[in-house]
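Here is a short briefing on side-chain contacts and local backbone features. Keep the sequence and the 3D view open while reading.

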Amino acid sequence: MKRWLIAGLVFLLGLGKRKPRAPERERIVAAGAPSPGAELWFVALLLAAALCAAGFIAAYALDGIPHQTQYLGLGLGLSFVFLAVACMVAARNLVVTEELEEDYPVERVSEQDKVAEIVAESGSRFTRKRLVTAAALTAGGALGAALVVPAVSLGPVLDTRAFYETPWRRGRRLVDAEGRPWRAADIEMKDFYTAYPEGADRESFASPVVLIRLRPADLQLPAGRDGWAPHGILAYSKICTHAGCAINLYRTPLFPPVEPAPALVCPCHYSTFDVRRGAVPVFGPAARPLPQLPLAVNADGFLVAAGPLSVDRDGNLRAAGNFSGPVGPSWWGVRRGPAT
């Protein structure tokens, strides 16, 4: 009993004593003094970078604003400027730096652990780590989105049906800019003309075509296009298959023995298309031929869109009278379907 009393007394006396603190591990980088003001500047600059990146996205999405290119450059440029200044503020005022004449102690476990510990200890001056992390993620996300958004201009991804539809139908007459129908007799050799579908929207991407005339014996059109060029008259889309520019030049050689064959030329990037062989590209960056529109001459001598009956994507029978392929520049999946 006496022993039990002595043991209890010793236990009670021990409860009041504080346990000795475990020795702290020796730091590689000395702790730095907090700088709340610099932290707030750092966060503000990151948020400013995010706001400018968001402005770039907004300017890119709104096509109707004036001087769009200048706003795009201003938004993205200021975003990078604010991000650079934020990094400078952090480097000068928030990240602990030191100069050592000797190497760090070699008794560390590994070089990888040493680097990780240095990085962790260099941020000892940050007091609002959650706020700083949120601001950094916001700036990084907005800037990353601003860099990715222009990829939308590479082409449609989901709904592409509108890019295959054109206003041309079998029997629709070809008219000039004044709305006057073109007669087959109006189309002369070594010249080219612009035509539109009668009664349709001329501003449509697939509306304008180029009309030229060659000798029927010179034609070397692809298989399946027999009868597409009555009297040697050809109709090709006026929209270049490289970048969507307008075809405005027609090269007609004066000296066949030394000059190349007749060709349509895009004046922007000099894509050149051999009109005898279905407007296949023979020079320049264009990778696809110009889509050809089948033609016919009606009983009154006017040029009209031709072509057999076809079944559209909904299973309905319709008069084709359409191009040999999708109109406009190439984009992802452009070869997946014909013009409708």
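A charge sits over a ring if NZ of Lys or CZ of Arg is within 6 Å of the ring centre and within 35 degrees of the ring normal. The charged end of Arg-202 meets this rule over the ring of Tyr-196, 5.5 Å from its centre. This is a predicted model, in which local features need pLDDT of at least 70 and side-chain atom pairs count only at pLDDT 80 or more, while totals for chains, interfaces and linings use all residues. Residues are numbered from 1 along each chain as its sequence is written, and side-chain values use heavy atoms, with hydrogens and water left out.

**Aromatic pairs**

- Rings of Phe, Tyr and Trp (its six-membered ring) pair if their centres lie within 6.5 Å; planes under 30 degrees apart count as stacked, over 60 as edge-to-face and the rest as tilted.
- The count comes to 3 aromatic pairs.
- Phe-56 and Tyr-60 form a stacked pair, because their ring centres are 6.4 Å apart and their planes stand at 25°.
- Both residues, Phe-56 and Tyr-60, belong to helix H2 (residues 36–61), 4 residues apart, or about one turn of the helix. Helices (H or I, at least four residues) and strands (E, at least two) are DSSP runs, numbered from the N terminus.
- Phe-56 counts as buried, at 7% relative accessibility. Buried means under 20% relative accessible area, exposed over 50%, and partly exposed in between (1.4 Å probe, protein chains only).
- Trp-182 and Tyr-193 make an edge-to-face pair, with 5.1 Å centre to centre and 65° between the planes.
- Trp-182 lies in the loop between strand E1 (174–175) and strand E2 (192–197), and Tyr-193 lies in strand E2, so the pair ties together parts 11 residues apart in sequence.
- Trp-182 and Tyr-193 are both buried.

**Salt bridges**

- A salt bridge is a side-chain nitrogen of Lys or Arg within 4 Å of a carboxyl oxygen of Asp or Glu.
- The count comes to 5 salt bridges.
- One of them joins Glu-198 and Arg-173, whose closest N and O atoms are 2.7 Å apart.
- This pair links distant parts of the chain, 25 residues apart: Glu-198 is in the loop between E2 and E3, and Arg-173 is in the loop between helix H5 (129–148) and E1.
- Glu-198 is partly exposed at 29% relative accessibility, and Arg-173 is partly exposed at 24%.
- Arg-173 also lies over the face of Phe-302, at 5.0 Å from the ring centre.
- Arg-180 bridges to Asp-176, with the closest N and O atoms 3.2 Å apart. Arg-180 is exposed at 52%, whereas Asp-176 is buried at 9%.
- Arg-276 and Asp-274 meet in a salt bridge of 3.2 Å, N to O. Asp-274, Arg-276 and Arg-277 are linked in a network of salt bridges.

**Cysteines**

- A disulfide is a pair of cysteine sulfur atoms within 2.5 Å. The count comes to 0 disulfides.
- The sulfur of Cys-245 has its closest cysteine sulfur in Cys-268, at 3.4 Å, too far for a bond.
- Cys-266 has its closest cysteine sulfur in Cys-240, at 4.1 Å, again too far for a bond.
- Cys-245 is buried at 15% relative accessibility, and Cys-266 is buried at 1%.

**Positive phi values**

- His-67 has a positive phi near 55° and is not a glycine. It lies in the loop between H2 and helix H3 (68–94), and counts as exposed at 56% relative accessibility.
- His-231 has a positive phi of about 60°. His-231 is found in the loop between strand E3 (209–213) and strand E4 (233–237).
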